Amino acid sequence: MALHRAKDTHAEADDPYADLFASPLSAHVLPKHRMPAEHAPPDVVYELLHSELLLDGNAAQNLATFCTTWTEPYVGRLMSECVDKNMVDKDEYPQTAAIEARCVSIIADLWHAPSGDGNGDGDSSGDGGGGVRPRGAVGCSTTGSSEAAMLGGLALKWRWRARRQARGEPVDRPNIVAGPVQVCWEKFARYFDVELRQVPLEPGATGMRAEQVAAYVDENTIGVVAILGVTFTCAYEPVAEIAAALDRIEAERGWDVPIHVDAASGGFVAPFLHPDLVWDFRLDRVASINASGHKYGLAPLGVGWALWRDADALPAELVFQVDYLGGDVPTFALNFSRPGGEVIAQYYAFLRLGRAGYRRVQQACADTARYLAAQVRQMGPFTLLYDGEGALPAVSYTLTDPRGAGFSLYDLSDQLRMRGWQVPAYPLPADRHDTVVHRVLIRHGVGRDEIALLADDLRQALRRLATGTPTDAERTGFHH
Ligand SMILES: *Cc1c(COP(=O)(O)O)cnc(C)c1O
């Protein structure tokens, strides 16, 4: 019987006239734990998966994410043209490798990397290596800021160890100092056996303050992470002030502690909206920087960047020479194989928009954030924690009277979710754990009108929460 049934199914599966929703596959709940015994027609499988994916949240209404949710159609085209190209095969795909190197050069320039041999304007298109640029800075693409943070942290750890070993000092207790970090730094610390010294938020603060640093740094500090765009509050930490505090520590104690800037979001915002803010390689103490191409870098999901101010900041032992792909290819990454399309799409965005285009895109986002902040201010029950001015294009707010409001920000998130909006409610990190906030990120593709509609829905949700929800009896007008 089994054989006979299988044959039948097979015959039906091959019937080109079968309706997509009346085929053998669609007549059953999809296999979820074991691979099906038989093949199925591609159009049926596609349609079923397409339908299932409609249950996911609508990415355009996901106001919780920093990541790109809108791209031009050409990006999709380039991505699919690169679906078979492996980023790591730099000898096989020399142009993809060259484009990665060009992106590193462009980003190094955006972040004011010091020039190496004075050949700053040289065309690096013949440079197919791991992103070594003519100006002296070195860097590479990664899968995102998390991988880039691991690489940045590892370089700090190696350099600290080499310094200590050269002086015959113990190297068994490295620590890294940071404010309210994204989880990637907790991962770095645990995976690579480094103590994470987290500087708590002071009352009213939205990030680490420079005065706090001295109490946490010592001779075993491999580096201080400063965040340009704190995940929880969207504020920039004061990198220059932190650098000055570390200069004083070096003068007094002799500890030369480098800074890594986690510019996951701000790395592609500050150069365009806050060009006078000195946070990058203009500060001698900044050894390395990471950013997510797939956040305000405007590339699609799957690309980040890690850059070091010069080759000295990246210990040679961490760079592997791989020769079995043909040629001698330097690689510094946690991953090996990875698609090339995201890096190509990053270069597309650079060429397509240019500096002026990036500035206009980010400015439009910042203007819309301020527009939303003004709306939120008028609504009544909220206190703005961040109004979109001076750092990331975003708004965050809290309930002015959380005890007396009669509802929580979590309730309000649920109400918004009924209209498809994803606005997260969460507590701030220590020591402000008792403050619950809403955070709305405005990014490329989130337009002014969309945010006006969100504001309308917020007002409606507030009215509903204020009056409470009617019972079934009240709804039907049936009263005893
Ligand atoms: C998003 C973010 C990260 C992680 O970046 P991915 O690109 O998602 O890996 C790290 N640090 C900060 C500050 C972030 O905002």
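Predicted model: local features only at pLDDT ≥ 70, side-chain atom pairs only at ≥ 80, totals over all residues.
Me: Where does Cys234 lie?
Reply: Cys234 lies in a loop, which runs between strand E4 (221-227) and helix H8 (239-253).

Me: Why is Cys234 called buried?
Reply: The word buried applies under 20% relative accessible area, and Cys234 has 0% relative accessibility, so Cys234 counts as buried.

Me: How many residues separate Cys234 and Val181 in sequence, and how far apart are they in space?
Reply: Cys234 and Val181 are 53 residues apart in sequence, and from C-alpha to C-alpha they are 12 Å apart in space.

Me: What is the order of the strands in the open sheet?
Reply: The seven strands of this open sheet follow the order E1-E7-E6-E5-E4-E2-E3, and their pairing is mixed.

Me: What makes E1 and E3 edge strands?
Reply: Strand E1 (138-142) and strand E3 (195-198) each pair on one side only, and they are the edge strands. From one strand to the next, the twist averages 20°.

Me: How do you know that E4 and E5 pair?
Reply: Two strands pair when there are at least two bridges between them, and four bridges join E4 to strand E5 (residues 259-262), so these strands, which run parallel, meet that cut-off. Ala226 stands opposite Val261 in E5.

Conventions
Residues numbered from 1 in each chain as written. Heavy atoms only, no water. Helix = DSSP H or I, 4+ residues; strand = E, 2+ residues; numbered from the N terminus. Buried < 20%, exposed > 50% of the residue type's maximum accessible area, 1.4 Å probe, protein only. Axes fitted to C-alpha atoms, helices over the stretch in contact; angles between N-to-C directions.
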